[in-house]
Amino acid sequence: MNRLLLLVFTLLFGGSLFGQAVSIVKAKKAIEAKQFEKAVKICEKGIEKDRSLTELLYTRAWAELEMAKDPKFASEMNYIKACLKSIDKAEMKDKDKEFKEEYSWLYKSISAHYLLEGLEYYRRDQFSKAIPVFQTCFELSKDTIAYTHLGLSFFATNNFKSAFPVLLTVSEWMHGAWEQNSLKHTYNLKVYQELAKYYADRNNEDSSMIYIEYGLDLFPNDIKLTRTALTVVKNKIEKLRKEFALNAQLLKWVNYGLTYDKNDYYFLDLQNDYYL
């Protein structure tokens, strides 16, 4: 009796695996032939028979991603949303992460395509719409461009509590990449401009100068950062002049200002006063 039950179980389980394998092969062939709708139907039919068939969910997400990328399907439905739903279901089923590493390329592809939607919202200043897109992209693939724009979107909506952990992290990432002469496509000038101005507006000259210098390392010809630097240095000097006469400490800031504009009369006059 036990042998009979074992045989039945083996046949059923083996049949399920075989059915899944056949469905996956058929669905992938359909995708490769650009028959995306057919691929989705194959996956859905297989999932209806056995909802535990995890890889079919990944395969369906792949087919839906291809439909999201194809303008031919643009008017039918939001296939990127369907794709995200499928990948979410696949991940919930894939508790042991059996397939997640194998399909890591799919996560990156979904993130790269969805990022375009977020960047379009960002370009239109629709930051509230952009934020969840960037969050999803970063969760999918740890995309640094998505993370950077997430921080900038938080900043643009005055959500500084959420913005600063992101922007401070990103500023370090970018500067570290610059030191290694790598990942230049991820550099974002606005991060340094916003941080420098934020601290400058709050009379925190030392913090402002950190991000001015970081930014000018990456973007040495940026006029906006240079102007912020001149304002910050002058404010620092005026603060110090209220406490001290013109001394070596003040001269250090004067000379510092001249590194940003060697012809600035404010700094030149103070330098002359010190030596006369």
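**Exercise 1. Which span should helix 4 have at 1.5 Å a residue, and what is the distance between its end C-alpha atoms?**

Solution. Start with the residue count: helix 4 covers residues 79-93, which makes 15 residues. The expected span is 1.5 Å times one less than the number of residues, so these 15 residues should span 21 Å. Next, take the end C-alpha atoms from the coordinates, keeping in mind that this is a predicted model. They lie 21 Å apart, which agrees with the expectation.

**Exercise 2. Find what caps the N-terminal end of helix 4.**

Solution. Look at N78. One of its side-chain oxygens is 3.3 Å from the backbone nitrogen of I80. With a cut-off of 3.5 Å for a polar contact, N78 caps this end of the helix.

**Exercise 3. List the buried residues of helix 4 and say which helices they pack against.**

Solution. First, collect the buried positions: Y79, I80, A82, C83, L84, S86, I87 and A90. Then look for their partners, which are helix 3 (54-69), helix 5 (104-123) and helix 6 (127-141). As you check the pattern, recall that an α-helix has 3.6 residues a turn, so residues three or four places apart point the same way.

**Exercise 4. Is S86 buried or exposed, and what does it touch?**

Solution. S86 belongs to helix 4. Its relative accessible area is 2%, and buried means under 20%, so S86 is buried. Now set aside its neighbours within four places in sequence: S86 is in contact with L57, R60, A61 and E64.

**Exercise 5. Classify Y260, L246 and N272 by their relative accessibility.**

Solution. Take them one by one.

- Y260, in helix 12, has 19% relative accessibility and therefore counts as buried.
- L246 sits in the loop between helix 11 (223-243) and helix 12 (248-260); at 31% it is partly exposed.
- N272, in helix 13 (residues 265-275), reaches 41% and is also partly exposed.

Note on methods: Residues numbered from 1 in each chain as written. Predicted model: local features only at pLDDT ≥ 70, side-chain atom pairs only at ≥ 80, totals over all residues. Heavy atoms only, no water. Helix = DSSP H or I, 4+ residues; strand = E, 2+ residues; numbered from the N terminus. Buried < 20%, exposed > 50% of the residue type's maximum accessible area, 1.4 Å probe, protein only. Contact = heavy atoms within 4.5 Å. Polar contact = N/O pair within 3.5 Å; in protein donor to acceptor, adjacent residues only side chain to side chain.
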